[in-house]
Amino acid sequence: MGVAGCGKTSVGEEMAQRVGRPYLDGDELHPTANVEKMRQGIALTDADRWPWLDLVAAELARDGALIIGCSALKRAYRDRIRAGAGGPVTFVHLEGSRDLIAARMAERAGHYMPLSLLDSQFAALEPPSADEAISVNIDQPLNALVSRILAELERRTG
Ligand SMILES: Nc1ncnc2c1ncn2[C@@H]1O[C@H](COP(=O)(O)OP(=O)(O)OP(=O)(O)O)[C@@H](O)[C@H]1O
Ligand SMILES: O=C(O)[C@H](O)[C@@H](O)[C@H](O)[C@H](O)CO
């Protein structure tokens with residue numbers, strides 16, 4: 001979880017490869033209207049996000065081993081996913097500064113999400129506390145970042 005451009009896809013795909021689990025990008029579950037809104041530089045509302053969050057939860061209910069990338073910016077969104085998943089969900093927050101994420105988004109080509117929406121992403125973000133999620137700083141190479149997450153998951157779940 002985390003704001004646009006924080007690394008959900010990159011980290012999720014790398015984690016999936018390392019642990020041999022499937023990865024699904026939450027972006028693929030957005031209704032077309034949501035994608036069109038974002039493409040036009042209009043931030044999603046709660047009403048836009050609820051049906052999408054329910055699809056994310058349904059995927060987790062279908063496969064509890066799934067690694068899924070989802071912004072899950074607000075506490076209520078995470079609660080909705082937990083409730084719909086019907087089993088334990090571990091959130092990993094990819095934390096980074098606005099400047100670092102803006103720089104990475106500016107370099108990324110071919111994505112519908114415009115840099116202009118980044119401030120609205122940070123405005124909506126309710127960072128999870130330590131008892132709600134694992135938080136990792138994204139200012140490190142991808143491999144190190146994924147190793148840190150896997151070590152923390154191992155420490156928590158054994
Ligand atoms: N640890 C890292 N170090 C350097 N670059 C990174 C790292 N993680 C991701 N990136 C780069 O940052 C950009 C954003 O990453 P990515 O697309 O994975 O983020 P995202 O959270 O999935 O974005 P969105 O939610 O907008 O789809 C990409 O160009 C990616 O290659
Ligand atoms: O909740 C939201 O506003 C959206 O999910 C966005 O975060 C994007 O889907 C994603 O991050 C792509 O950039």
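**Helix packing, core and ligand shells in a predicted model**

Good morning. In this predicted model, helix 1 and helix 7 pack at an angle of about 65 degrees, and their axes lie 10 Å apart. Axes here are lines fitted to C-alpha atoms, for helices over the stretch in contact, and angles run from 0 to 180 degrees between N-to-C directions. Helices (H or I, at least four residues) and strands (E, at least two) are DSSP runs, numbered from the N terminus. The crossing of helix 1 and helix 7 is right-handed; a crossing has that hand if the near helix is turned clockwise from the far one by less than a right angle, and is left-handed if anticlockwise.

Which residues make the contact? Helix 1 contributes Ser10, Val11, Glu14, Met15 and Arg18, and helix 7 contributes Leu142, Leu145, Val146, Ile149 and Leu150. Two residues are in contact if their C-beta atoms, placed from the backbone, lie within 7 Å. By class, the contact of helix 1 with helix 7 holds 7 nonpolar, 1 polar and 2 charged residues. Ala, Val, Leu, Ile, Met, Phe, Trp, Tyr, Cys and Pro count as nonpolar, Asp, Glu, Lys and Arg as charged, and the others, Gly among them, as polar.

A word on conventions. Residues are numbered from 1 along each chain as its sequence is written, while chains are lettered from A and ligands numbered from 1 in the order in which they are written. As the model is predicted, local features need pLDDT of at least 70 and side-chain atom pairs count only at pLDDT 80 or more, whereas totals for chains, interfaces and linings use all residues.

I stay with helix 7 for two of its residues. Ser147 is in helix 7 and is partly exposed, because 15 other C-beta atoms lie within 10 Å. The cut-offs are 20 or more such atoms within 10 Å for buried, 12 or fewer for exposed, and partly exposed in between, with C-beta atoms placed from the backbone. Ser147 and Glu14 are 133 residues apart along the chain, yet their C-alpha atoms are separated by 9.9 Å. Glu152 is also found in helix 7, and its 15 C-beta neighbours inside 10 Å make Glu152 partly exposed. From Glu152 to Leu55, 97 residues apart in sequence, the C-alpha distance is 27 Å.

Next, the core. The largest nonpolar core has 28 residues, of which Val56, Ala72, Ile81, Leu94, Val136, Leu145 and Ile149 touch the most other members. Such a core is a set of buried Ala, Val, Leu, Ile, Met, Phe, Trp, Tyr and Cys residues joined through C-beta atoms within 7 Å. Two or more residues come from each of helix 1, helix 3 (46–62), strand 2 (67–69), helix 4 (75–85), strand 3 (91–95) and helix 7, and helix 3 gives the largest share, 4 residues. Not counting residues up to four places away in sequence, Val56 touches Gly26, Leu29, Ile68, Cys70 and Ile81.

Ala72 lies in the loop between strand 2 and helix 4. Is Ala72 buried or exposed? Ala72 is buried, because 28 other C-beta atoms lie within 10 Å. Although Ala72 is not a glycine, its phi is positive, at about 40 degrees. Most residues other than glycine have a negative phi.

Gly20 sits in the loop between helix 1 and strand 1 (23–25) and counts as exposed, because it has 7 C-beta neighbours inside 10 Å.

Finally, the ligands. Ligand 1 is surrounded by 18 residues, the closest being Gly7, Lys8, Thr9, Ser10 and Arg104. A residue is near a molecule if its C-beta atom, placed from the backbone, lies within 6 Å of it. Helix 1 (8–19), helix 5 (98–107) and helix 7 (142–157) each supply at least two residues of this shell, and helix 1 has the largest share, 3 residues. The shell around ligand 1 divides into 7 nonpolar, 6 polar and 5 charged residues. Around ligand 2 are Ala4, Asp27, His30, Leu44, Arg49, Ser71, Leu73, Met113 and Gln121, with 4 nonpolar, 3 polar and 2 charged residues by class.
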